[in-house]
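Student: I would like to work through this chain by asking about individual side chains and then about the fold around them. Could we take it one question at a time?

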Amino acid sequence: MNANRFRFIARRALGFTLVEILVVIAIIGLLASLVGPKVMGQLGGAKTKATALQVKDLEQAAELFKLDVGRFPSSAEGLDALVNRPATATGWNGPYLRRGLPKDPWGNAYLYENPGKHGEIDIYSLGQDKAAGGEGESTDVGNWQ
């Protein structure tokens, strides 16, 4: 009788039963369904926050351009004037951006208007949808906010 008991214990210690594995998978699935949407929501918010920070950096670079040249870049010159010297910019002392002209987190170029609709200049991204307006990751992010 002792030998049978040891065999049962030894066989039981070799692995998990199918029921135990299914319970663990169910628990992991439940946790993923609760935590996943919150993590994905934070990811979208992070892209919007990164866009706002980049817009502020671009605005500061435009201010430095204005200090040296006496004006903001024209709409025709665009934000490229912060990296490459425009032909009409006397006193240009750039480049004003260390790593070149960035793209927004969705891979799109930042938009620039001089004169702006919201201020002297407008620097903005249309968000993920590339269209005016929107909510969440599709919201517009600009230097007027």
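Student: Which side chain does Asp104 join in a polar contact, and over what distance?

Tutor: This is a predicted model, in which local features need pLDDT of at least 70, side-chain atom pairs count only at pLDDT 80 or more, and totals for chains, interfaces and linings use all residues. Residues are numbered from 1 along each chain as its sequence is written, and side-chain values use heavy atoms, with hydrogens and water left out. A polar contact is a pair of N or O atoms within 3.5 Å, where within protein one must be able to donate a hydrogen and the other to accept it, and residues adjacent in sequence count only if both atoms are side-chain atoms. Asp104, placed in the loop between H2 and strand S1 (111-113), has such a contact with the side chain of Ser125, at 2.7 Å.

Student: What is the nearest side chain of opposite charge to Asp104, and how far away is it?

Tutor: Lys and Arg count as positive and Asp and Glu as negative, while His and the chain ends are not counted. A salt bridge requires a side-chain nitrogen of Lys or Arg within 4 Å of a carboxyl oxygen of Asp or Glu. Asp104 is buried (under 20% relative accessible area, against over 50% for exposed and in between for partly exposed, with a 1.4 Å probe and protein chains only). It has no salt bridge, and the nearest side chain of opposite charge is Lys103, at 8.1 Å.

Student: Which salt bridge links Lys66 to a distant part of the chain, and what is its N to O distance?

Tutor: The partner of Lys66 is Glu120, and their side chains meet in a salt bridge at 3.4 Å, N to O. Lys66 belongs to helix H2 and Glu120 to the loop between S1 and S2, so that 54 residues separate the two. Lys66 counts as partly exposed at 29% relative accessibility, whereas Glu120 is exposed at 51%.

Student: Is Asn143 buried or exposed, and which backbone oxygen does its side chain reach?

Tutor: Asn143 lies in the segment after S3 and counts as buried, because its relative accessible area is 10%. Its side chain has a polar contact of 3.3 Å with the side chain of Glu59. The side chain of Asn143 also reaches, at 3.2 Å, the backbone oxygen of Ile121.

Student: In what order do the strands form the sheet, and which strands stand at the edges?

Tutor: Two strands pair if DSSP finds at least two bridges between them, and S1 is joined to strand S2 (residues 122-125) by 3 bridges, the two running antiparallel. Within this pairing, Leu111 has Tyr124 in S2 as its bridge partner. The 3 strands form an open sheet with antiparallel pairing, in the order S1-S2-S3. Each edge strand has a single partner, so one side is left without a neighbour in the sheet, and these edge strands are S1 and S3 (141-142).

Student: How far apart in space are Lys49 and Val141, C-alpha to C-alpha?

Tutor: Lys49 is found in helix H2 (residues 18-69) and counts as exposed, at 58% relative accessibility. Lys49 and Val141 are 92 residues apart in sequence, whereas their C-alpha to C-alpha distance in space is 8.9 Å.

Definitions and conventions. Helix = DSSP H or I, 4+ residues; strand = E, 2+ residues; numbered from the N terminus.
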